[in-house]
Every structure is written in C-alpha cells, then in structure tokens.
Amino acid sequence: MSGEARLLWDEGVTRYDFGSGHPMDPVRLTLTMALVEALGLDRRLAVRGAPALDKETLGLVHEPDYVEAVRRASRQPAVREGGFGLDSMDNPAFAGMHEASALIAGQSVAGAEDIWRGDAAHAVNFAGGLHHAMPAAASGFCVYNDPALAIARLLELGAERVAYLDLDVHHGDGVQSVFWSDPRVLTISLHEHPRTLFPGTGWPEETGGEGAQGSAVNLALPAGSSDEAWLRALHAVVPELLAAFGPQVLVSQHGADTHFEDPLAHLTLSLDAQRLGAEAAHAWAHEHAEGRWLALGGGGYAVVDVVPRIWSHLVGIAAHAPVPPETPVPEEWRRRVFALTQGDGPRRMTDGRAPRWVDWASGYDPADRVDQAILATRRAVYPHHGLLA
C-alpha cells in the first residue's frame, strides 16, 4: 500500500448551499480549504478532485425514486414535492442540489476506492460526512449519505469488514439504518443523548438487526459533557470493539458540532479534545485496519472559529504532518475571513486546553452519568463480540 495521503477537494462542493440564514453555510468549506493552504498542508499530501456519482453508484444506498426526486427539485426548487424530505426548513431544495450533493459523495467514494486499491493509505473529504440522509429521504441537512455510499462501495469492491466511527454530536442514524442488518459493517456513534438532540435516536439498546446483533454501537452522552468525559467514553468503548471486529478499513466522521461554541447542540468540547479524537481515529486505523483510513467532515456550525481549524487539524493528522496546537493562525487566512465574513478569525490552532481523562480500566463510578452511559453501551454490545462488559 502507498503511504500517500490524499485530500479530496473540488471547489464545486461549495455549491451545496441551502441559502442565506441556513446553518450549513458553505463558507465553512471555503475557509477550511483556505486554512489548509495557508498552513502549507496542501503540500504535505496529494490534493485531487473526483467526479460526481452517477445514478448507479448512488443506487448502492439510495432508492431510484428518491434520486429522481432530488433531480427534479434541483431543476425546479420552487416546486415543493412532499414525501422525500425536500420540502422542510432543514433541507430546502436549491438549484443544482443534485449535482452538488453527488459531487460531495463522489469525493468520499473516490477516497474509499483509493484506499482499497492501495493507491493511498489515508484519504480526507471534509466536505463529506452527511450521515443523516436516508435511502429514500433527505434529513438533517443531508441529501446523499456519502459515508454510507463510501462503505457500500468498499463492500462492492470486496471488503468483508468495515468499521464506521461517528464523532458528530448528532447520532449517525442514516449510516446505522443502511447497514442495520449487515454484519460486515460495524457502526459506532458517540453523540449527545437522544432525549435532548435531533434525531432522537441512538439509544444504547439499538444494537443491530437480526443476524447482525452487536453491529450497531451507540454511546449517548448527557448534555453538557465536556473534554474529559467525552475522551473517557471514546476510549472506554471504541478500541476494544475495533480489536474484536478486525476491520479492513476504518471510516470516521468528524463533525465539529461537539464544540462548546456550536449553536445547535449541547456538548462542550474544546478544539483540543476534538483534535485528540482525530488523532485517536488515526492511531486506531494503523492499529486495527493496516492504516486504511477514510476521514470525513460532518456537522459544525461555528463556521469561522471552529470548523476550519479542526478540519485543518484532521488534514494535518492524515498527512502525518500534525499542526502543533500552539501554531498561530496565519494572518493571510484571517484577512480572508474578514473579506468573506466581515468578522475576525481565531488567532491560534488551539483553545488553550490540555484535556486528560481517566481510563475505564481504573474503575468507574456507578453514580456518574457519563459512566452510566458507558456501562449501558458496553452491556448492550460487548457480549455480542465475546467481550466482558
């Protein structure tokens, strides 16, 4: 396998735009790529684009009627067609929606192909990670489910075991749904508890369909959970499951909406904890999947202060050129921020925290809400993998 890392990028992904005032502002993608370039990370890995997916590849996950509905809405966004999730405030139709959505998915699928064929060890598509889209409906700002499409393509190419790790603040419901009864795919989602956040799913008891029990893993953390709790939970569940499952490829989703500045959710992570999560995913890919790692973006609505920095960290980690947290943010990038937003950008690649967590092996507190969440997940899933909860 080539040790090369790749960044999948096409300027056309910024046309994924639900309109003025929508939280999914494509400026977050523009500013992320600008920061990647300002930090010189684009010289540390190969940057390439890939074509939009055709209907056959979209059909690995999405129903033909739905794809056709997206095409119609893309051509006539003012015509509201019910039944496919394209007439809501979350997912309003816009001109060119099909083309932009298929282009984002094309980058993720191309990254998966590069990895499986041995052309690259790691691939990043920070425009991807649209994990809520269902086979026949848009949901949660997501039209086509690029993580599920990338995994389905890996299976089509011959992969027998693929692990999906979702670090977005919201439950990765679309990906879980697609592979609910497929024992070849292990989906692990670490998210805010469904009692307090969309989409209201991701309970620990959701463990997979018949013949695939234990293939869905859900760790639901209480609102307000911060760095140490989140990192403790992540390390208390994920590495043991990956070791037991033995994936050939790790696909991870790095939604930036776990951050304390994010306006749409209630976890309180720092950029520094998010970076440690990305570093952990990278390490687990090397430890459990022979280095095969596809890393995707996801949610994230603090579009200036948070998203560009954490996804630039993700690119640096994949390129084996991690950005030191104390690195000053380049002034040229801050000037770009002002030109695009009339606001100021952050000055350092850190929030100034140094998170530490207590390892699960040292014991747990049955009265602690985070430990209760961890234990609920371990009890629900571990026996299916021959592990002790």
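Predicted model: local features only at pLDDT ≥ 70, side-chain atom pairs only at ≥ 80, totals over all residues.

Before anything else, I wrote down what pairing means: two strands pair if DSSP finds at least two bridges between them. Strands themselves are DSSP runs of E with at least two residues, numbered from the N terminus.

Residues are numbered from 1 along each chain as its sequence is written, and side-chain values use heavy atoms, with hydrogens and water left out.

Entry 1: I found an open sheet of eight strands with parallel pairing, in the order β2-β1-β3-β8-β7-β4-β5-β6. At the edges I have β2 (46-48) and β6 (216-221), each pairing on one side only.

**Entry 2: around β3.** I checked β1 (residues 5-8) against β3 and got three bridges, in the parallel sense. Leu 7 has Val 124 in β3 as its bridge partner. Which residue in β8 is the bridge partner of Val 124? I looked, and it's Ala 295. β3 and β8 also pair in the parallel sense, over four bridges.

**Entry 3: where the β3 side chains go.** In a regular strand the side chains alternate between the two faces of the sheet. In β3 (residues 122-125), I see His 122 and Val 124 pointing one way and Ala 123 and Asn 125 the other. All of them are buried (under 20% relative accessible area with a 1.4 Å probe, protein chains only).

**Entry 4: on to β7.** Strand β7 (residues 249-253) runs parallel to β8 (residues 293-296), and four bridges join them. I also spotted Leu 250 opposite Trp 293 in β8.

Conventions
Buried < 20%, exposed > 50% of the residue type's maximum accessible area, 1.4 Å probe, protein only.
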